[in-house]
Each structure stands twice: as structure tokens, then as C-alpha cells.
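Visitor: I would like to learn how to read the features of a model like this one. Could we begin with overall shape and then turn to a sheet?

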Amino acid sequence: MIELVSQSRCISCNICVDVCPTNVFDLAPGEAPTIARQSDCQTCFLCEAYCPVDALFVAAEAHRHVEVNEQELIEKGLLGAYRRNLGWGKGYSPKDRISRLRELRADIDANPYFSPITSPAH
Amino acid sequence: MSIKNNDSGLDLTADVLVIGGGPAACWAALAAQRNGAKVIIVDKGHLGSSGALAASTAGSRVIPPVKELRDKVKFERYALGGHLAQLEWWEKILDQTYEHAPKIYEWGGYEPPAFKEGRPAYGGGLQGPEIMKIMRKQVKKVGIEILDHSPAQELLVDDRGAVAGARGIQRQENRRWTVRAGAVVLASGGCAWLSKALGCNTNTGDALLMAVEAGAELSGMEFSAHYAPAVKHASVTKNAYYRYASFVDKDGQLIGGASHNGHRSTSTIAKALLNGPVFCRLDQGTEDPRFREILRIQQPNFMAAFDKVGINPFTDWWEITLVLEGTVRGTGGIRIATEDCGTTVPGLYAAGDAATRELVCGGFTGGAGPNMTWATGSGNIAGAGAATYARSLGDKAATRNVRAVGGAGLAPATSSSTTFDANQVVKEVQEEILPFGKNIFRTEAGLLESLGKLGQLWEKVQTTSALETPQKAQRAREAAALVAAARWSYFAGLERKESRGMHKRLDFPKLDPNQRHYLAVGGLDKLWTREVPVPGEIVPEPTNSSTSVYASPDVAKLDTTKLQVQAVAS
């Protein structure tokens, strides 16, 4: 569920208030939106994906509240990671994902992988 | 502060009102507009991020009109679905999808996928969030009016019983909206009973309740027990990668039969889960690091659930559960009664997961491709049909006498002093419908017991006093829809006395050839079913279509042609 609206990063653009499909946030004029209905969060990560400044963190835990530490999330590269992986945000493009997929596939076709493990995993 | 009355609300008119905010709704709106209609589209959440696709991803089956290629798709689930699909419908849907689906790439500024043997020759390209962002942009570009955060609550019906619009609330504005329209397309998704299946909590069966209140019928509601494996702590119900999974119990013993030739056995996993925890990792054929990177790039949402908690899904064991996806990836929904995706009620059309997908998938899941294809095809057909119907009404469309026909969970005009705790009702419905012990392994006694409890809940949700916030009003109406949808599912499940598709009866474990029919279901206080014949005999499978596109490739060989197909389909 949504666990963090970073007060230092948020620019009060309120995009998250608009895009959240389950209406979890409330607008707070001049301030960062508040997480008003956390238990309605469906853990779809879309607010994170749309946040232009990577101020939001949706924890993977869908059914219970967990404590998160903003500094730790930054250090682990987790703030904004989903947005980048979608190819969204400045310096990224979904087209790069597609190119990389094609590249990898072409490489696998040209150089098939031979597993060093000769027997199946089990 | 209660919701303001009509006087201060939005009053709008349109030729076609589309209810929903996913791909089927967008396609319907665009098709209606292309056919000359003035269109308004309303969504419960935000068009572009609402619904099962936006949070996830899915690919349409874009297949040129070549018999051999289309046969592969048509017969892929024909037997699995108990031969309830209609191959002529598949052909129509594939025609529409072939024509329209590639436009997404064009609108988004992407190079369209190269086709190889009629299938996109690369996959994993566009994710759900990107597809829906493009669709919103296009809907706006052509001038269609969008109302976000504006859940529809009830339909408007004219004096002769034709649907003539809808009304609802704008939950962020705290006011009502009313749209009078020549025709309405219901495309607001299926029902996953607030299970938190990925992106599905906006899909609370509202369209089913609105349709039945207006006199429409549902079909295939017995095929509503679709469960997806999911990381136990999270919401990510993406299925595709479990074909690379090993499943073990708490002692590390492999669970036999959980995954076979790329087909996952939900009931095997369910049985194991009833005996204790089940763990999983993606270690079958995923040794090549380049392939792991492909999997990461293809489904960033699947990987997010692991990355955020520091699990390596290829090497670490993680605990799984089964999450109900209900009719979203089941096939039950509003019964389609006409060739243009009309219902049994004039002026009312249905598309996407709100409609039954039995016409293409029978009683088998429509997940991993067919549902998305259906959304594209049925959206386009319904939108065009609704525009044509609205035009036939001429000038009188907007001046008709109308009345709102919603009931359960809504505050009546005459004030009511009784109310109910919506969250408690949701919890009690979930206790009957979410446990796979009840929903997958069905028996007459179990279904009757659940129906008894659900019947009591239905009585409870009939009246409510005016609620102080739009959120509470909306949750009350959703609770009523969840109860109604659960009752239709279990009642149809009770009446289908056999096992077919995803409907499994422990007391009738075999398919009965004499029950190859649809079950229409409806009714509010008193439920009913009736048999609707499937036209034509069972079509024999073409002998040369043995290579099902659903059958998984031998992953150890890394057959990349097929992997690309899987990636698009997943």
C-alpha cells in the first residue's frame, strides 16, 4: 500500500490525487496530498509511476501497513524504480525497453545458452 | 455534509454515454464518436489508470484473416471452455482487433510491431500503463468529454423500458451527475470482489447490478472462480511467469502437477494450500541471464513486488497464495443478445469484462490475451452499435421521460432511517466468495449455505440513509453490487450440475454433454436461471492446428519465437 509522500520531494502537483484509481489521496491546498484512505489502496503502483519527482513509495505489502524509511529507500534506489522500469520519466523511454528486448532476443538467437547445470534443478 | 441534490449537480446530454475507463470503454467511445455520435465517457476512477489493464499488461491477438492462423486462436480454448464459444463471434472480434489494435502504436508514436506468421514478432513492448496513457490521449484528442472520479450508480430508463442515460456522483467534487443519452455502453469491468488482484479493486460488479436493475440478463456467472497465484504479501497477480516456476511445500517437497507443460493447475495449488504454505521460485529454464533480463523488462509490475522487498524471484523461495480474479479473468458478465453487442434491453450495450466472454472463451479463462482481444473487438462493435441506435431515435432521445432504476445500496428519495455498515458487508461477502475452499471446490450443500448468507446480506443492503461523504455512498453501492454478483455466481453455479470450464462441482465432477448451453441468470430479490442454447454443433478441431498457441514452449530450449508470442499474450 502507499506508505510515503515525501515532504521534501513533493511539488504539490496533485497528479497522484487525479490518477489514483481508488481515490486514496486527499488534496491539501498548498501542501503535499495526504494519504486519506490507505486501506483503499490496491497496490497498483500507478501513483508512483505518474509522480514526476519520485516522491511516492507504494510498499509491495498489499494487506498491511509497513514502516518505511525515506533515506533507506533512496539508498536502495527504490524511489522511482518502477517508473524507470516502465521507461517513464526524464531520460527514459519505453522505446529503450523495446530496443533492449529486441537486442537480447537477437543475441539469444545468435548465441544460444547452454546451461552449466547438466541435470534439471530437481 | 451529504451529497448535494440534482440542482447543483452536472446535467449533461450525449448521444452515447460510455461507462468505464479501460480499453473496452475507450474503444467504445472512439467507435461511437467515429460513427457520428456525441460521446461522454465516465469512469469511477481516472480514465487511463483505472481497471485491470492499466495496472498490468495484456496483448491483443492481432491476426490477419488467414484461416490457419485464426484457427489456432479460435480453437486454443474451445475444448477447455467446454465448447461454449461461438467461432463466428471469434472471427468478428479478430476482424475488429486486426483493424483497430495496431492504432495504439501509431497514436503513441511507436513503430508498429513487425508481424511474423500473423503475430507480433516481438512482445513485452507496450505495458498496460503506457497503452492506457495513449488511449486517454486519443480520447481527449478527438474531443470526447471525460468525467473522471465519477462512478455511475444507476441507469435511467424511459417509459418503454429503453435505457436512456445514467446518473452517479463525482466523488472528488461531492456532487451528482446525470447524463441523458440515446444509448449507454456498460464497459466498466467485471467483479473481483475487492480481492486486491492487480488493478481490480475498481471492478466491483457495478455494471452487472446496473444492467440487471434495468432488466438485462447475465450469462456465464458460474464461470467466475478464476484464481491467480500471487506473492503472498503483495497484489501482483500476473500469471505468465509461473510457467517457469517450481512449487514446493514447507518441507521443500516438490508439489507434483502444479505446473505441467506450461499449464498451471490452480486446483493442485489450491489443494496444496489447504494443507499448508506453498513456496515458489522461477527456476525452470531461466538460467540464461539474458533471459532473466527479458523477463524483467517484459513485466516490470511483476518484478516490483520482489524488488521492493529484496527477493530474487529466480533464486529465492517465496510464499504464494491464490487471489480471486473473479469475473475479470473468469468469463461471466452481461449477456450479449444482439450482433452489435446489445443486451436484451433496448439502448443498452456491453463490452469488455462487463460483458460475458463466453462467446470467445466459453467457460475457460479469458486471461492472457483473449480478454484483451475481446475488449478491443467488443468495444468497437458496441460503440458503433450504440451510435447507430442513438441516431435512430432522432430528436426525441433527449426529451424522453426517464426514471432512475437503481435500488440496493442507494439512498432512496424518501429518507430512510436504517443504514448498514458497508465495510462489514464487504467483509461478509468476501468470507463466502474469496476462500478457494468454497469457490473452487463447489458442492450443492456449500453453495446453498453461502447463498443463504448472501441472501441475508442482500436484504441488509436494500436501504440506506443518505451518507455523509461520497466515498461512503460509493462504498455502500459497491457493497450491494458485490453481494448481488456473488449471489448470481453461486446461484448459476448451483444450477449448473456438472463440471465445465472453470466451474468445478465436487458432486458433479464430470462434464455432461447434455448441459452444453449457456445459463442466463438474473433477478434481484428472487434469482432465476434459464438455459440458452449454443448455436450449432461442436465444431471439430482442424487436424493441423495441434500446436496450440496457449501451450507453453519447452522453456529449456528457449524457443524464442514462441516466447515472444507468450510475452504478447501474457
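Guide: The radius of gyration is taken over C-alpha atoms, and the globule rule is 2.2 Å times the number of residues to the power 0.38. By that rule a compact globule of 122 residues would have a radius near 14 Å, whereas chain A has 19 Å; along the principal axes, its C-alpha atoms fill a box of roughly 60 × 35 × 25 Å. This is a predicted model, in which local features need pLDDT of at least 70 and side-chain atom pairs count only at 80 or more, while totals for chains, interfaces and linings use all residues. Residues are numbered from 1 along each chain as its sequence is written, with chains lettered from A and ligands numbered from 1 in the order in which they are written.

Visitor: In what order do the elements of chain A run from the N terminus?

Guide: Helices (H or I, at least four residues) and strands (E, at least two) are DSSP runs, numbered from the N terminus. Chain A has five helices and four strands, and the order is β-α-β-β-α-β-α-α-α.
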